[in-house]
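Please look at the structure before reading on.

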Amino acid sequence: MSDADGRSARGRAGPRPPLAAYPLGWRVLDALEAAAELWPRRWGGAVKWLMLLPALALVGLLLWGLGVMADASLRAMDFRTYRLAEEWSAANFAKAWGSAAFWATARRSLVAAVAVTAICLALALPYAYAMTRTRRPGLRRLLLIGLFLPFFIGQVVRAYGWLILLGQQGMVNQALGAAGLGPYRLLFEYPTVIFGLVQYMLPFAALMLAPALAAVPEEVERAAASCGASWPRTLWHVVIPMARPGLIAAALVVSTLTLTDFAMPAIMGGGGSDFLANLVYDQFFRTSDAGLGSAITLILTFLGTTVAAVLLTMAGIAAQGGRGRR
Amino acid sequence: MPAAAHPAAADIPAVEARGLARRYGDAQALRAASFTVAKGRFLTVLGPSGSGKSTLLRLIAGFERADAGDLRLFGRPVEAVPPHRRSVGMVFQRLALFPHMTAADNVAFPLRMRRWDARDIPARVERFLALVRLEGLGRRRPDELSGGQQQRVAIARALVFEPQLLLLDEPLASLDAKLREEMQLEFRRIQRELGVTTINVTHDQREALVMSDQVIVMEGGRILQDAAPETLWREPAHPFVAGFLGVGTFLEGVAADGPALDVAGRRLPGRTTAGAPAPRPGHPAQGALRAERVTLGPAGTLPPGSDAAVEAVVEDAIFEGDRILYELRLPGLGGARLRAIDADPGARARHAPGDRVAAGWARGDFLLFDASDRTGRLP
């Protein structure tokens with residue numbers, strides 16, 4: 001390691017105090033430093049690449065899988081033999097392009113991605129703002145618990161919970177019945193899926209927004225007030241632009257997770273509100289058409305990448321370094 | 001300011017506070033603060049951190065509400081007026097510029113928020129950028145400007161909408177000494193040019209003296225003195241005020257007639273200050289002496305211009321370029337310590353550590369304070 005000289009110089013500076021005077025964590029670091037001395041200094045430059053190796057391996061695996069998918073997507077399924085064709089063709093893409101069901105599903109996924117993102121940002125912003133600004137530690141703790149608790153409850157469990165609550169004999173319809181209303185068909189509708197997705201994504205959005213809002217100094221908000229800006233104007237002209245990296249990051253996470261979601265449409269949509277991921281599942285595991293499944297997977301990947309690219313362009317690369325358009 | 005044109009409005013003070021108090025949990029940040037600031041004046045609130053000076057400023061800006069008391073700005077009660085509806089410009093401690101806007105947009109922001117005619121805004125922004133000497137830098141973002149330039153943007157932003165009142169929350173504290181002195185004069189120039197009533201908060205006594213028409217000294221949430229800078233310097237009404245304004249030596253003793261201070265059997269003549277309660281003979285008292293008012297002479301003599309002298313031993317002589325600071329021990333006064341400054345070292349004999357000298361002062365420079373109530377005394 002390059003700072004080995006400085007370290008050993010410090011080590012020579014005086015008699016060593018008793019080891020027990022230092023906490024365990026320091027001694028563990030001492031041991032690691034001693035172990036690092038064994039590494040030949042000439043190879044020091046390789047260390048940073050070694051650290052990247054696990055991540056690079058995972059990304060490589062992903063790209064390899066995409067390559068396999070791309071290959072399969074170009075081979076039409078022969079339903080007499082249930083084998084993919086030997087020669088490449090665009091038949092799978094043509095099939096998807098010509099299918100009304102595909103277009104309906106793709107539109108449903110995209111509309112959900114946009115709607116869930118918009119609703120989540122609108123709801124998460126005040127929540128995260130209250131959490132970062134409150135002076136009452138009790139309230140802050142409560143909001144933090146409210147933020148993290150949903151992460152302990154899986155998506156499928158929550159979807160089933162909604163089935164129980166929203167069914168024909170569910171608690172919501174019972175309450176409505178007591179008031180002389182309903183029963184209504186609340187489940188297996190597109191808006192129900194959107195609702196479930198919003199409920200699922202909201203903590204993600206709030207979690208991404210909180211640090212961005214905490215980074216806006218309160219003094220700046222006061223400055224805006226002293227400039228004559230009411231609170232809504234301060235929010236619009238100062239807080240939101242300054243928290244933009246966080247808003248973009250939250251939008252990125254929520255929109256791509258929604259676009260590619262599988263469980264919510266499968267459970268709360270009841271088969272009538274499928275997203276593209278459900279369509280891919282059907283191709284692979286119901287009709288066993290790996291070619292068409294791969295083609296739809298690639299289209300979904302392309303859509304997700306496009307959404308991410310649009311959002312990052314909107315950020316003006318602001319999310320990367322905090323320095324936006326110049 | 002336009003308000004001054006109205007003859008009947010002329011004697012309404014810009015700021016009138018009566019018994020303002022504010023508490024945070026157990027801490028009483030502000031206790032019954034009462035003062036007035038006349039229109040067009042430059043007031044500095046001087047005090048150490050935690051003295052309540054920033055709380056006072058936040059109450060005037062409207063960021064916080066007082067628990068008790070009455071605050072009027074230009075004759076109007078402002079208790080119910082939110083900050084964005086008060087005509088108050090403010091320069092913040094950490095400047096609080098909007099980082100996502102250019103300097104010109106920062107300056108234009110108050111005009112846009114206050115719905116000025118959009119056609120007038122560019123010219124006005126230019127004028128104020130010129131006022132703070134930032135011509136041509138309007139298109140830069142705050143992070144592309146130097147510390148002093150950011151300071152100037154913050155000043156322009158606080159003044160551009162012609163506020164009736166300008167508040168400065170220690171905006172100079174983070175600058176280096178040279179830039180700070182430059183900006184002090186700059187604030188003074190702009191304030192005189194625009195005639196805007198200004199309240200500045202600082203813990204820097206030099207800044208308070210240089211910039212202000214009126215100074216309020218605060219400590220522990222209380223106002224100790226409210227006076228012009230010269231009065232504050234010559235007639236501190238409280239030993240804390242004297243200490244905060246650079247008095248280096250406090251001698252402990254018992255008050256005597258004359259007035260004088262008895263220390264270890266020596267009777268040292270002094271004077272009381274206007275505004276401070278006179279020490280009662282026979283009660284504990286302290287005498288305050290500025291280092292630069294102490295004259296040193298050969299041991300056993302009365303140094304020129306002195307009314308009293310004590311025997312002193314030089315413990316340290318610190319050469320500071322234009323002056324020499326002497327740390328002295330007073331064996332005749334029970335080992336008390338005294339600081340003396342020789343501001344003209346070339347003209348007088350130098351003393352070395354260990355030398356025995358006579359330390360003298362004029363009676364008018366030895367300020368006597370009652371010490372039977374020890375609160376607020378500097379150690």
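How many salt bridges are there between chain B and chain A? In this predicted model, the count is 0 salt bridges. Polar contact is present, with 4 residue pairs between chain B and chain A, both residues at pLDDT 80 or more. On the side of chain B that touches chain A, β6 (88-91) and α2 (103-113) each supply at least two residues. The largest share of that side, 4 residues, comes from α2(B). Sorted by class, the side has 15 nonpolar, 3 polar and 10 charged residues.

The contact takes 28 residues from chain B and 19 residues from chain A. Together the two chains bury about 2000 Å², 58% of it on carbon and sulfur atoms. In chain B, His84(B), His100(B) and Met113(B) lose the most area to chain A, and together they make up 28% of what that side buries.

In residues, 14 from domain 1 of chain B are in contact with 9 from domain 3 of chain B. The count between these domains is 0 salt bridges and 2 residue pairs in polar contact, both residues at pLDDT 80 or more. The elements of chain B that give two or more residues to the domain 1 side are α6 (205-211), β9 (214-219), β10 (222-227) and α7 (229-234). By class, that side has 8 nonpolar, 4 polar and 2 charged residues.

Note on methods: Residues numbered from 1 in each chain as written. Chains lettered and ligands numbered in written order. Predicted model: local features only at pLDDT ≥ 70, side-chain atom pairs only at ≥ 80, totals over all residues. Heavy atoms only, no water. Contact = heavy atoms within 4.5 Å. Salt bridge = Lys/Arg side-chain N within 4 Å of Asp/Glu carboxyl O. Polar contact = N/O pair within 3.5 Å; in protein donor to acceptor, adjacent residues only side chain to side chain. Nonpolar A, V, L, I, M, F, W, Y, C, P; charged D, E, K, R; others polar. Buried area = accessible area lost by both parts, 1.4 Å probe.
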